[in-house]
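Hi everyone, thanks for coming.

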Amino acid sequence: MSDQTTAHREELLAVFDREMREFARPDGPGDRVERIGDVVRRNGAAHDWNGVVWSSPDLDAARADAAIAAQVAHCEEHGCDEFEWKLYGHDRPADLGDRLLAAGFEAEEPETLLVATVAELPTEVVLPDGVRLRTVRDEADVELMARAHEQAFGSDRPRLRQQVLARLKEDPDHFVGVLAMAGEEPVSSARMELYPDTGFAGLWGGGTVEAWRGRGVYRALIAFRTRIAAERGYRYLQVDATEDSRPILQRLGFTALTTTTPYIYRPAS
């Protein structure tokens, strides 16, 4: 990796850490961002994402255990179904993941944090024959989105329905849902969260049903949302990518910055 490439990656990571983590803003109506000691956490309704988005780079071993215990107590006192500590590869101390596991958190599959400058990404939408894209507008569209997600990933996510419906109703200006339709059947779906006052928009979803994979649907969904982000004045796109989507995104111009691993705490029932 060249010095110029390394400097660009470090610059992007510093901007992301500052704008999206350390100085995170509320993500919509009902969302609260709190800085408690060495961490920044988000709190929302039961169907919203609740968890830690940032921890101090000065966090040492002794303070880490205290910070973890405080977040576990917060989750249990507020009756949340689950609470996530979003751990990034450069977070400290180096054994923070092990400490989370020891405190009762469960690690999910790690993903790669990728960021791209919107102006440097393609915005031409190229679709295979028989497929069209349209935005998610109502409850019926949300059901189609959930169906596409279930068929693509093999799992149902009831909370996804609740989250999307809430965003459409409460904060539609900062949310974009997209359906890829073959006739009347959804073959892929994706979302974009627009984070005001940060310059960042986040891309989520993008799973495609097996019969339509490898035909450019995923890339078309990226281009469609990139064009909207550009029209609305956003500078960066951010993705937490699986190993299936990471190579595609890097070919499109995204830069891999670090890993991100969800550590989930679920109170005993």
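Okay, let's begin with strand β8. Phe175, Gly177, Leu179 and Met181 point one way from β8, while Val176, Val178, Ala180 and Ala182 point the other way, and all of them are buried. Buried here means under 20% relative accessible area, exposed means over 50%, and partly exposed is in between, with a 1.4 Å probe and protein chains only. So that's 8 buried residues out of 8 for β8, which spans residues 175-182.

Quick housekeeping. This is a predicted model, where local features need pLDDT of at least 70 and side-chain atom pairs count only at pLDDT 80 or more, while totals for chains, interfaces and linings use all residues. Residues are numbered from 1 along each chain as its sequence is written, and side-chain values use heavy atoms, with hydrogens and water left out.

As for names, helices (H or I, at least four residues) and strands (E, at least two) are DSSP runs, numbered from the N terminus.

Who are the neighbours of β8? Strand β7, residues 131-135, runs antiparallel to β8, with 5 bridges joining them. One example is Arg134, whose bridge partner in β8 is Leu179. Strand β9, residues 185-195, is also antiparallel to β8, and here there are 8 bridges. Ala180, for instance, has Ser188 as its bridge partner in β9. Two strands pair if DSSP finds at least two bridges between them. β8 and β9 make a hairpin with 2 residues between them, and Gly183 in that turn has a positive phi of about 65°.

Now for charges. Side chains of opposite charge can pair when their charged atoms come close. We call it a salt bridge when a side-chain nitrogen of Lys or Arg is within 4 Å of a carboxyl oxygen of Asp or Glu. How many salt bridges does that rule give? The count is 23.

Take Asp27 and Arg167: their closest N and O atoms are 4.0 Å apart. Arg167 is buried at 11%, whereas Asp27 is partly exposed at 26%.

Another salt bridge joins Arg42 to Asp31, with the closest N and O atoms 2.6 Å apart. Arg42 belongs to strand β2 (residues 39-43) and Asp31 to the loop between α1 and β1, 11 residues apart. Both are buried: Arg42 at 11% relative accessibility, Asp31 at 14%.
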